[in-house]
Amino acid sequence: MLNSPPSFSILALKNQLLTLALLVSTLGFSQNSKPQFSVIADSLIKVNHKAFNALDYAIYKNKYDTLKMKIFAERSAEKNYPQGEAFAHIMLGNQYRNKSLFKKSKAALNKALTISKEKKLIEFHIVSLNMLGVVERRLDNIKSALAYHQDALQLAEQHPEKTKSIQKSIAVSYNSMGNIYLSLKQYDLALQVFNNSLKIEKEANNYLGLAINYHNIGAIYEEQNQLSTALENYKISLSYNEKINSDVGRVICNTSIGSIYIKQNKPEAALKIIEPTIPLAEKNQDQFYIAFAYNTLGWAHLKLNRLELAEIWLTKGLNVAEDYKLKSSIADAYLHLSELNEKKNDFELSLKQYKKAIKLNQSIISEKNAQFVSSLRLQYETEKKNNQIQALASENEIVKLRLEENKKTGFFILSGLLALGIALFFINRHKQLKSEKMILTLEQDMLRNQMNPHFIFNSLNSIKLYIINNEKENAIYYLTKFSKFIRKILIASTEKQISIAEELETMNLYMNIENIRFSNKINYETIIDPTVNVDSLKVPSLVLQPFLENALWHGLSPKKGDKSITVHVYQSKKDYVSISITDNGIGRIASKAIKENKILKRKSLGIGITKQRLENFSQRYVHSYTISIEDLYENNKPKGTKITLNIPTKEIKKLR
């Protein structure tokens with residue numbers, strides 16, 4: 001009679017004992033005994049670990065050795081052990097990534113992904129997706145990185161058994177998505193997912209995960225110029241990296257801390273922490289962080305006006321970044337080199353370098369504007385024109401001496417008047433360029449505010465839900481509205497002012513789209529008094545959107561029950577047209593309390609930009625614009641907010 005199979009607990013104990021034996025034997029091998037790893041590989045395959053974490057524990061430090069992992073992959077393939085083959089390719093992919101060999105990294109990870117899919121190894125499948133996402137994020141390929149991490153997160157959350165490996169993968173997905181949101185300047189979303197990841201890592205007591213998340217949270221605060229809070233988080237991250245003795249972690253944290261010191265105008269302190277970090281970065285051979293460290297060291301020297309040293313280190317950072325196609329590091333290097341050449345008064349080269357930085361950043365995120373480029377161009381052109389004026393002044397001085405010698409005072413006066421006229425022309429032109437630059441900046445900020453990627457993503461996501469739910473008519477209806485709205489914004493962005501009728505039509509499209517996210521429960525109404533000719537009266541393009549957005553998300557979003565917004569166009573007094581926006585939301589006091597309770601407070605720029613645009617618009621009119629805000633009450637209880645915009649209509653007569 002055949003013996004019955006041993007119980008699960010006995011098998012598990014047996015595997016643990018074999019694993020411990022393998023670990024002991026592994027520690028006995030020297031670094032130069034790599035061929036002997038074949039014996040260990042065969043023993044590991046015989047144990048036949050199924051779980052990712054168990055195999056990771058059994059492999060121990062051998063996973064950092066690419067030669068050993070190649071042996072393990074070959075042996076696993078020969079012995080038909082797909083878990084080992086997938087694991088080995090994941091480890092190879094990670095090591096190649098850490099050396100910035102991204103092509104080889106993606107090839108290895110895609111091999112692991114294919115094996116995991118074919119053999120239905122869910123844990124290995126999720127890890128492969130996450131690691132591919134990390135590679136794409138290193139390359140600043142935002143869209144593909146986010147797609148990989150979202151797929152990994154979806155697989156992990158849908159899996160009924162939340163093993164340690166799957167929990168860790170969920171934390172990695174959250175963390176990486178947080179980095180992507182951070183690069184897109186979606187700070188609320190970034191902080192939310194970092195905190196989700198942090199919670200999992202705290203429960204698992206994973207020091208590495210805690211170090212990574214605290215560093216990334218520090219990066220959010222650094223982006224928002226909350227430097228003290230950023231520094232505090234970076235130091236917490238560094239303390240965890242010290243506990244796990246991670247040189248890579250030390251490089252990352254020390255360089256980030258140095259960056260904070262530079263921004264706090266403490267470049268000497270930055271040098272003290274970054275200079276010892278450079279050899280450590282070079283030793284680890286992770287080109288991504290080597291470029292980061294070189295650039296930051298060059299930046300510190302730049303702030304101390306050590307231009308030669310700054311140029312040496314920034315050039316080294318640029319060379320490394322270009323060799324390994326690290327877009328964000330290339331952009332950073334060009335940005336600092338632009339500042340360096342500006343200090344050297346080489347404005348033309350500075351402008352070229354800044355343009356390169358902007359172009360690279362726009363390939364990562366399309367929200368960057370050309371404000372610095374415009375400023376630098378203006379500075380360069382002004383300097384050039386000043387030189388021309390000085391040259392003219394010198395020529396006039398020579399003419400003056402000749403005229404004095406020849407007693408031709410008439411020609412001297414004429415030349416002086418000509419020089420004065422030229423100077424006045426250039427001064428006036430300088431003012432005009434400065435004004436045009438300000439207007440261009442405002443228009444760019446306005447367009448960016450309307451074309452918020454978060455709004456576009458949510459709108460398309462809402463339309464996608466209609467498609468998924470087979471609500472074709474709603475999907476077509478709202479897709480048509482959305483396309484019209486985007487076209488209206490693009491057209492409006494090229495025009496400084498439009499008719500009130502066109503503005504109301506655009507806002508009607510905007511409210512239609514936003515209303516999807518409120519399940520179409522907002523009653524939006526437009527009232528136009530018959531005395532107002534909305535087709536002929538002009539307003540700055542897209543001027544009402546920030547006020548409607550405030551009413552939606554601060555007044556109506558937290559409210560339960562009926563929700564309404566009314567836009568009323570009327571003539572309250574001579575030479576003005578009034579537009580009021582009335583909502584029945586929770587009121588400003590309650591809205592402010594909600595905002596203050598948020599962990600991360602984002603400052604809205606839409607209203608401020610709109611006020612500046614209205615101020616610029618009013619310069620052509622006899623009167624200036626006014627804005628009034630009224631809190632509405634009923635039985636001493638808030639019942640909404642009313643914003644009234646009084647826009648001038650009487651233009652200043654121009655002299656002919």
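**A mixed sheet and a helix pair**

Q: Starting with the helices: what is the handedness of the crossing of helix 4 and helix 5?
A: In this predicted model, helix 4 and helix 5 cross in the left-handed sense.

Q: At what angle do they pack, and how far apart are the axes of helix 4 and helix 5?
A: Helix 4 (residues 66-78) packs on helix 5 (residues 82-98) at about 155 degrees, and their axes are 8 Å apart. Angles over 145 degrees count as roughly antiparallel, so helix 4 is roughly antiparallel to helix 5.

Q: Which residues meet there?
A: From helix 4, the residues include Met69, Phe72 and Ala73. Among their counterparts in helix 5 are Phe87, Met91 and Leu92.

Q: How many of the contact residues are nonpolar, polar and charged?
A: The contact of helix 4 with helix 5 comprises nine nonpolar, five polar and two charged residues.

Q: Turning to the sheet, what is the strand order?
A: The order is 2-4-5-7-6, in an open sheet of five strands with mixed pairing. On average, neighbouring strands are turned by 15 degrees against each other, direction ignored.

Q: Which strands stand at the edges?
A: Strand 2 (522-528) and strand 6 (626-634) do. Each has a single partner strand, so one side of each lacks a neighbour in the sheet.

Q: And in what sense do strand 4 and strand 5 pair, parallel or antiparallel?
A: Strand 4 (residues 563-570) and strand 5 (residues 576-583) are antiparallel, paired over six bridges. Tyr570 stands opposite Ser578 in strand 5.

Q: Which helix lies across strand 2, strand 4 and strand 5?
A: Helix 24 (residues 500-516) does, and its direction is at about 175 degrees to strand 2.

Technical notes. Residues numbered from 1 in each chain as written. Predicted model: local features only at pLDDT ≥ 70, side-chain atom pairs only at ≥ 80, totals over all residues. Heavy atoms only, no water. Pairing = 2+ DSSP bridges. Helix = DSSP H or I, 4+ residues; strand = E, 2+ residues; numbered from the N terminus. Axes fitted to C-alpha atoms, helices over the stretch in contact; angles between N-to-C directions. Contact = heavy atoms within 4.5 Å. Parallel < 35°, antiparallel > 145°, perpendicular 65-115°, else oblique. Left-handed = near helix turned anticlockwise from the far one by under 90°. Nonpolar A, V, L, I, M, F, W, Y, C, P; charged D, E, K, R; others polar.
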